Amino acid sequence: MVRSSLCFGVLALCAGLATPVSAGNIVGVVETGGDNEATDTITAKWTGQTFPVSVVNEPIPGAVVGANYTVGVFGHQAPAFVDRNHRYVDDPANTLPLPGYLVGNEYILSGNDNRDNASYKLDVTVAAPSTVYMLIDNRLSDTVGTTPPTFDATHMQWILDQGWSATANGLNRTQNAGVPDEIAFDEGADDTVNQYYSVYEKDFPAGTFSLFQADNAGQNMYGVVVAPVPEPATWALGLVGVLGLALARRRRA
Ligand SMILES: [Ca+2]
Ligand SMILES: [Ca+2]
Ligand SMILES: [Ca+2]
Ligand SMILES: [Ca+2]
(Lines give C-alpha, C1' and ligand atoms only; values in the text may rest on other atoms or scores of the structure.)
(Ligands and ions follow the chains in the order given, each with its own letter.)
Protein backbone atom coordinates (compact mmCIF):
# COMPACT_ATOMS: atom_id res chain seq x y z
CA MET A 1 0.00 0.00 0.00
CA VAL A 2 2.75 2.38 0.97
CA ARG A 3 4.73 1.32 -2.07
CA SER A 4 1.81 1.81 -4.49
CA SER A 5 1.06 5.30 -3.17
CA LEU A 6 4.75 6.17 -3.47
CA CYS A 7 4.77 4.94 -7.10
CA PHE A 8 1.65 6.92 -7.87
CA GLY A 9 3.22 10.03 -6.42
CA VAL A 10 6.40 9.53 -8.43
CA LEU A 11 4.44 8.97 -11.65
CA ALA A 12 2.50 12.16 -11.08
CA LEU A 13 5.79 13.95 -10.49
CA CYS A 14 7.21 12.44 -13.69
CA ALA A 15 4.22 13.55 -15.72
CA GLY A 16 4.39 17.04 -14.24
CA LEU A 17 8.07 17.46 -14.92
CA ALA A 18 8.03 15.93 -18.40
CA THR A 19 5.37 18.36 -19.59
CA PRO A 20 6.99 21.58 -20.86
CA VAL A 21 6.11 24.45 -18.60
CA SER A 22 4.57 26.96 -20.97
CA ALA A 23 2.87 29.65 -18.91
CA GLY A 24 5.10 32.61 -18.24
CA ASN A 25 8.05 31.53 -20.35
CA ILE A 26 8.00 34.77 -22.32
CA VAL A 27 9.10 37.23 -19.66
CA GLY A 28 9.17 40.34 -21.80
CA VAL A 29 9.14 41.74 -25.34
CA VAL A 30 10.62 45.15 -26.05
CA GLU A 31 9.66 46.53 -29.44
CA THR A 32 11.67 49.30 -31.08
CA GLY A 33 11.28 50.77 -34.56
CA GLY A 34 7.60 49.81 -34.84
CA ASP A 35 4.79 52.19 -35.80
CA ASN A 36 3.99 52.36 -32.05
CA GLU A 37 0.71 54.26 -32.42
CA ALA A 38 -1.50 55.23 -29.49
CA THR A 39 -4.25 53.11 -31.05
CA ASP A 40 -4.33 50.47 -33.85
CA THR A 41 -0.68 49.53 -34.39
CA ILE A 42 0.27 49.42 -30.72
CA THR A 43 3.45 47.70 -29.54
CA ALA A 44 3.79 43.91 -29.58
CA LYS A 45 1.88 41.86 -26.99
CA TRP A 46 2.30 38.22 -25.97
CA THR A 47 0.54 35.32 -24.29
CA GLY A 48 -0.84 36.25 -20.90
CA GLN A 49 -0.84 40.00 -21.50
CA THR A 50 -4.05 41.99 -21.20
CA PHE A 51 -4.49 45.24 -23.13
CA PRO A 52 -7.42 47.57 -23.93
CA VAL A 53 -9.06 47.12 -27.33
CA SER A 54 -8.53 50.37 -29.26
CA VAL A 55 -10.10 49.49 -32.64
CA VAL A 56 -13.41 47.66 -33.00
CA ASN A 57 -13.17 44.01 -34.15
CA GLU A 58 -9.40 43.87 -33.56
CA PRO A 59 -7.54 41.68 -32.71
CA ILE A 60 -10.58 39.38 -32.87
CA PRO A 61 -14.04 39.79 -34.39
CA GLY A 62 -16.48 41.14 -31.83
CA ALA A 63 -13.84 43.02 -29.84
CA VAL A 64 -15.30 46.24 -28.44
CA VAL A 65 -13.33 49.46 -27.92
CA GLY A 66 -12.55 49.91 -24.24
CA ALA A 67 -12.91 46.23 -23.39
CA ASN A 68 -9.81 44.29 -22.44
CA TYR A 69 -8.28 41.54 -24.53
CA THR A 70 -6.03 38.89 -23.01
CA VAL A 71 -3.69 37.08 -25.38
CA GLY A 72 -4.17 33.29 -25.23
CA VAL A 73 -1.86 30.55 -26.45
CA PHE A 74 -1.23 29.72 -30.10
CA GLY A 75 -3.91 27.62 -31.79
CA HIS A 76 -6.83 27.56 -34.23
CA GLN A 77 -8.13 31.13 -34.74
CA ALA A 78 -5.38 32.71 -32.63
CA PRO A 79 -5.14 36.34 -33.82
CA ALA A 80 -1.89 37.15 -35.59
CA PHE A 81 -1.71 40.93 -35.11
CA VAL A 82 -2.66 43.69 -32.71
CA ASP A 83 -3.95 45.83 -35.59
CA ARG A 84 -5.97 43.35 -37.72
CA ASN A 85 -8.26 40.42 -37.03
CA HIS A 86 -6.25 38.10 -39.30
CA ARG A 87 -5.70 34.73 -37.67
CA TYR A 88 -3.91 31.38 -37.85
CA VAL A 89 -6.30 28.53 -38.64
CA ASP A 90 -6.62 24.81 -39.23
CA ASP A 91 -7.12 24.14 -42.94
CA PRO A 92 -9.17 20.94 -43.27
CA ALA A 93 -9.66 21.47 -47.03
CA ASN A 94 -5.93 20.78 -47.43
CA THR A 95 -5.62 18.32 -44.51
CA LEU A 96 -3.44 20.93 -42.86
CA PRO A 97 -4.15 21.39 -39.16
CA LEU A 98 -1.87 23.74 -37.25
CA PRO A 99 1.23 21.69 -36.24
CA GLY A 100 1.03 20.08 -32.81
CA TYR A 101 4.46 21.44 -31.88
CA LEU A 102 3.04 24.97 -32.09
CA VAL A 103 -0.44 24.54 -30.61
CA GLY A 104 -0.73 25.48 -26.95
CA ASN A 105 2.54 27.42 -26.83
CA GLU A 106 3.08 31.07 -26.05
CA TYR A 107 3.32 33.47 -28.97
CA ILE A 108 3.81 37.12 -29.85
CA LEU A 109 1.12 39.33 -31.38
CA SER A 110 2.79 42.09 -33.38
CA GLY A 111 1.44 44.92 -35.55
CA ASN A 112 0.95 44.06 -39.22
CA ASP A 113 1.75 47.63 -40.19
CA ASN A 114 5.29 47.03 -38.92
CA ARG A 115 5.89 44.78 -41.95
CA ASP A 116 7.66 47.62 -43.78
CA ASN A 117 9.60 49.15 -40.86
CA ALA A 118 13.31 48.85 -41.68
CA SER A 119 14.52 49.36 -38.10
CA TYR A 120 11.96 47.06 -36.47
CA LYS A 121 13.34 45.02 -33.58
CA LEU A 122 11.89 42.75 -30.92
CA ASP A 123 14.06 41.98 -27.90
CA VAL A 124 12.43 38.86 -26.49
CA THR A 125 13.31 37.54 -23.03
CA VAL A 126 12.52 33.91 -22.12
CA ALA A 127 12.76 32.21 -18.72
CA ALA A 128 13.72 28.78 -20.10
CA PRO A 129 15.81 27.47 -22.98
CA SER A 130 13.38 27.59 -25.89
CA THR A 131 12.79 26.57 -29.46
CA VAL A 132 11.55 29.69 -31.21
CA TYR A 133 9.45 29.31 -34.35
CA MET A 134 9.21 32.07 -36.95
CA LEU A 135 6.05 31.99 -39.07
CA ILE A 136 6.83 33.82 -42.31
CA ASP A 137 4.49 34.81 -45.17
CA ASN A 138 5.21 32.60 -48.19
CA ARG A 139 5.10 35.67 -50.41
CA LEU A 140 8.32 37.14 -49.00
CA SER A 141 10.61 38.13 -51.91
CA ASP A 142 8.56 36.72 -54.80
CA THR A 143 4.87 37.50 -53.96
CA VAL A 144 4.16 33.81 -54.72
CA GLY A 145 2.16 32.10 -51.99
CA THR A 146 2.54 28.55 -53.30
CA THR A 147 6.31 28.54 -52.66
CA PRO A 148 8.17 29.16 -49.38
CA PRO A 149 9.61 32.60 -48.62
CA THR A 150 13.11 33.26 -49.86
CA PHE A 151 15.71 35.26 -47.96
CA ASP A 152 18.31 37.62 -49.38
CA ALA A 153 20.07 40.90 -48.65
CA THR A 154 16.82 42.87 -48.78
CA HIS A 155 14.46 40.16 -47.46
CA MET A 156 15.11 39.12 -43.86
CA GLN A 157 18.82 38.49 -44.39
CA TRP A 158 19.07 38.21 -40.59
CA ILE A 159 17.26 34.83 -40.71
CA LEU A 160 20.21 33.48 -42.71
CA ASP A 161 22.79 35.31 -40.60
CA GLN A 162 21.35 33.98 -37.33
CA GLY A 163 21.26 30.42 -38.70
CA TRP A 164 17.54 29.66 -38.55
CA SER A 165 16.47 26.35 -40.15
CA ALA A 166 13.31 25.31 -41.95
CA THR A 167 10.98 23.21 -39.79
CA ALA A 168 10.26 20.51 -42.34
CA ASN A 169 8.12 17.55 -41.27
CA GLY A 170 6.05 17.33 -44.45
CA LEU A 171 3.24 19.25 -42.74
CA ASN A 172 2.38 21.32 -45.80
CA ARG A 173 -0.07 21.26 -48.67
CA THR A 174 2.12 18.93 -50.75
CA GLN A 175 3.23 16.69 -47.83
CA ASN A 176 6.78 17.48 -48.92
CA ALA A 177 9.43 17.19 -46.20
CA GLY A 178 11.83 19.00 -48.53
CA VAL A 179 10.10 22.33 -47.90
CA PRO A 180 8.98 23.96 -44.63
CA ASP A 181 5.79 23.09 -42.78
CA GLU A 182 2.94 25.47 -43.62
CA ILE A 183 0.40 27.42 -41.59
CA ALA A 184 -2.94 28.47 -43.08
CA PHE A 185 -3.77 32.13 -42.56
CA ASP A 186 -7.28 33.65 -42.57
CA GLU A 187 -7.29 37.36 -43.37
CA GLY A 188 -10.35 39.19 -42.09
CA ALA A 189 -11.41 36.37 -39.74
CA ASP A 190 -14.15 35.25 -42.16
CA ASP A 191 -13.21 31.55 -42.32
CA THR A 192 -11.59 31.82 -45.74
CA VAL A 193 -7.88 30.95 -46.00
CA ASN A 194 -6.08 33.70 -47.87
CA GLN A 195 -2.37 33.08 -47.31
CA TYR A 196 0.12 30.47 -46.16
CA TYR A 197 3.07 30.94 -43.88
CA SER A 198 6.17 28.73 -43.59
CA VAL A 199 7.81 27.67 -40.33
CA TYR A 200 11.46 28.22 -39.33
CA GLU A 201 13.10 27.46 -36.01
CA LYS A 202 16.09 28.19 -33.83
CA ASP A 203 16.98 27.25 -30.25
CA PHE A 204 17.88 29.98 -27.78
CA PRO A 205 19.14 29.75 -24.17
CA ALA A 206 17.23 31.43 -21.35
CA GLY A 207 17.73 35.18 -21.62
CA THR A 208 17.19 37.72 -24.38
CA PHE A 209 17.37 37.27 -28.14
CA SER A 210 16.56 39.73 -30.93
CA LEU A 211 14.32 39.49 -33.99
CA PHE A 212 14.44 42.08 -36.74
CA GLN A 213 12.54 43.54 -39.68
CA ALA A 214 10.01 41.68 -41.86
CA ASP A 215 10.88 43.31 -45.21
CA ASN A 216 7.39 42.51 -46.39
CA ALA A 217 5.67 45.74 -47.47
CA GLY A 218 2.13 45.16 -48.72
CA GLN A 219 2.12 41.56 -47.49
CA ASN A 220 2.02 40.16 -43.95
CA MET A 221 4.20 40.62 -40.87
CA TYR A 222 5.74 37.48 -39.34
CA GLY A 223 4.58 35.62 -36.23
CA VAL A 224 6.62 34.17 -33.36
CA VAL A 225 5.82 31.06 -31.28
CA VAL A 226 8.01 30.13 -28.30
CA ALA A 227 8.21 26.54 -27.01
CA PRO A 228 10.28 25.80 -23.91
CA VAL A 229 12.73 22.92 -24.46
CA PRO A 230 12.07 20.01 -22.08
CA GLU A 231 15.21 19.05 -20.19
CA PRO A 232 14.95 15.28 -19.57
CA ALA A 233 18.48 14.98 -18.25
CA THR A 234 17.80 17.55 -15.52
CA TRP A 235 14.43 16.22 -14.40
CA ALA A 236 15.62 12.60 -14.52
CA LEU A 237 18.46 13.53 -12.16
CA GLY A 238 15.96 15.31 -9.93
CA LEU A 239 13.74 12.23 -9.95
CA VAL A 240 16.61 10.01 -8.84
CA GLY A 241 17.20 12.41 -5.97
CA VAL A 242 13.51 12.44 -4.96
CA LEU A 243 13.32 8.64 -5.09
CA GLY A 244 16.43 8.33 -2.95
CA LEU A 245 15.02 10.78 -0.41
CA ALA A 246 11.67 8.94 -0.27
CA LEU A 247 13.35 5.58 0.24
CA ALA A 248 15.63 7.00 2.91
CA ARG A 249 12.61 8.43 4.74
CA ARG A 250 10.84 5.06 4.57
CA ARG A 251 13.90 3.34 6.01
CA ARG A 252 14.05 5.83 8.88
CA ALA A 253 10.28 5.50 9.60
CA1 LIG B 1 -6.23 48.09 -37.67
CA1 LIG C 1 4.73 50.75 -40.94
CA1 LIG D 1 7.16 32.41 -52.21
CA1 LIG E 1 -10.30 35.26 -44.90
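**Close-up views of a predicted model**

**View 1. Asparagine 112 is buried, with 22 other C-beta atoms within 10 Å.** A residue counts as buried if 20 or more other C-beta atoms lie within 10 Å of its own, as exposed if 12 or fewer do, and as partly exposed in between, with C-beta atoms placed from the backbone. This is a predicted model, in which local features need pLDDT of at least 70 and side-chain atom pairs count only at pLDDT 80 or more, while totals for chains, interfaces and linings use all residues. Residues are numbered from 1 along each chain as its sequence is written, and chains are lettered from A and ligands numbered from 1 in the order in which they are written.

**View 2. Asparagine 112 lies in the loop between β7 and β8.** Strands (E, at least two residues) and helices (H or I, at least four) are DSSP runs numbered from the N terminus. Contacts of asparagine 112 beyond four places in sequence are Phe81, Asp83, Arg84, His86, Asn220 and Met221; a contact requires C-beta atoms, placed from the backbone, within 7 Å. Alanine 80, 32 residues away in sequence, is 8.3 Å from asparagine 112, C-alpha to C-alpha.

**View 3. The largest nonpolar core has 45 residues.** Such a core is a set of buried Ala, Val, Leu, Ile, Met, Phe, Trp, Tyr and Cys residues joined through C-beta atoms within 7 Å. Leu135, Ile183 and Val225 have the most contacts inside this core. Elements giving two or more residues to the core include β1 (26–32), β9 (130–137) and β12 (195–204).

**View 4. Isoleucine 183 has contacts beyond four places in sequence with Tyr88, Leu98, Leu135, Tyr196, Tyr197 and Val199.** Of the 253 residues of the protein, 35% count as buried.

Conventions:
Two residues are in contact if their C-beta atoms, placed from the backbone, lie within 7 Å.
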